[in-house]
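Visitor: Please take a close look at the side-chain links in this chain. Keep it brisk, and give me each cut-off as you use it.

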Amino acid sequence: MSPAIHNYRSSSSVLNRISTRIILCTVLVICCATGCIANSDFGYDSDDTGPDHWAEHYQECAGKFQSPIDIEEDWVKRVSMPPLQFTGFSDLPLETKVTNNGHTVLLELDRSSEFQVSGGPLRGDYSFAQLHFHWGVNDSYGSEDTINNHSYSMELHMVFYKAKYGDVDNAIKYKDGLLVLAIFYEAGHLDNLVYSEIVDTLKKIEYPKMSVMLHKGFTLKDFLPSDVEHYFTYNGSLTTPPCLEVVTWIDFKHPTRLSHKQLGEFRKLRSNAGYLTHNARPVQPLSGRQVYYNIGGYKDSATNLHSTNTQLAALLVAFSIAIHNLFSV
């Protein structure tokens, strides 16, 4: 073999290895953003895969504006923002796939039209990607964000990407790329019938990478709390590696009830390391971020001559979020 051919093949081999690594890293980032993580190199226990060690492999997990956080109501800024607009939330998807991906229960919807959110603190439309859950070892805690140091039994994340960016792959490159609608759950004695089909399906996806299609399905509106006017909002990150700081969070104030029995079914699932008894990241420092609380009652100038200050407050919220997205590091 001539030296020229040998050098060419060696260079090609190096380039192929580099390309493969780049592709794998890109896939990991996309999967983290969409909840489709299949690798098992991070976990939630106190071993070397736990949250305290995530930053050793994913640098941004040690970033300044991480999620989740504790929201202290005495410190929030109370504002009145335009109503959130939900498009397609009353439409049944064509199919609903439920997956145990080793880290959570992931629901993906096959739909004929876009499910989108706009309004409130958002600038532009956000399109639905997926939803998933976070829970704890018992019903006394399990949510990721906490309110006044109070943890709820479970938390649902509806993940959306900014529509103008085209898809999640591209959206995660921008500070305003993703939106997460967070719904809290508290434990009660009665089953919540809205969740019956999902809970009954969990026994069929006990092990990682197991999936099943729902027979009946649900609408996204089924998951929203009855009060969508009162919520907290702030800028933060993904709560799993690689912890990209590209998320606008909207946490609805009022929780939904599930029975103790329904909540317990989630803890029977398995990860690659054993039973998936908990999957909530500990709260992270606020680092000077402003958290806003929407008090509701927004009126535009056509119906209320005194709404100028309210509109200005809403604009200031949107402006401050935009400035944060542009200059935060």
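Guide: Buried means under 20% relative accessible area, exposed over 50%, and partly exposed in between, with a 1.4 Å probe and protein chains only as cover. This is a predicted model, in which local features need pLDDT of at least 70 and side-chain atom pairs need 80 or more, while totals for chains, interfaces and linings use all residues. Residues are numbered from 1 along each chain as its sequence is written, and side-chain values use heavy atoms, without hydrogens or water.

Take the salt bridges to begin with. There are six of them (side-chain nitrogen of Lys or Arg within 4 Å of a carboxyl oxygen of Asp or Glu).

Look at Asp139 and Arg267. Their closest N and O atoms lie 2.9 Å apart, in a salt bridge. Helices (H or I, at least four residues) and strands (E, at least two) are DSSP runs, numbered from the N terminus. Arg267 counts as buried because its relative accessibility is 16%. Asp139 has a relative accessible area of 18%, so Asp139 is buried as well.

Next come Lys253 and Glu73. Their side chains meet in a salt bridge at 2.8 Å, N to O. Distant parts of the chain are linked here too: the partners are 180 residues apart. Lys253 is found in the loop between β13 and β14 (256-259). Glu73 is found in the loop between β1 and β2 (77-79). How exposed is Lys253? Lys253 is partly exposed, because its relative accessible area is 22%. Glu73 has 29%, so Glu73 is partly exposed too.

Now the covalent link. The count comes to one disulfide (cysteine sulfur atoms within 2.5 Å). Cys61 and Cys243 form this disulfide, with 2.1 Å between their sulfur atoms. The torsion about the S-S bond is 75°, and the link of Cys61 and Cys243 is right-handed. This pair also links distant parts of the chain, 182 residues apart. Cys61 is in the loop between α1 and β1. Cys243 is in the loop between β12 (231-236) and β13 (247-252). Where do the two cysteines stand on burial? Cys61 is buried because its relative accessibility is 6%. Cys243 is at 0%, so Cys243 is buried as well.

One more approach between separated positions deserves a look. Lys299 and Ser80 are 219 residues apart in sequence, yet their C-alpha atoms are 8.7 Å apart in space. Lys299 sits in the loop between β17 (292-294) and α5 (308-327). Its relative accessibility is 43%, so Lys299 counts as partly exposed.
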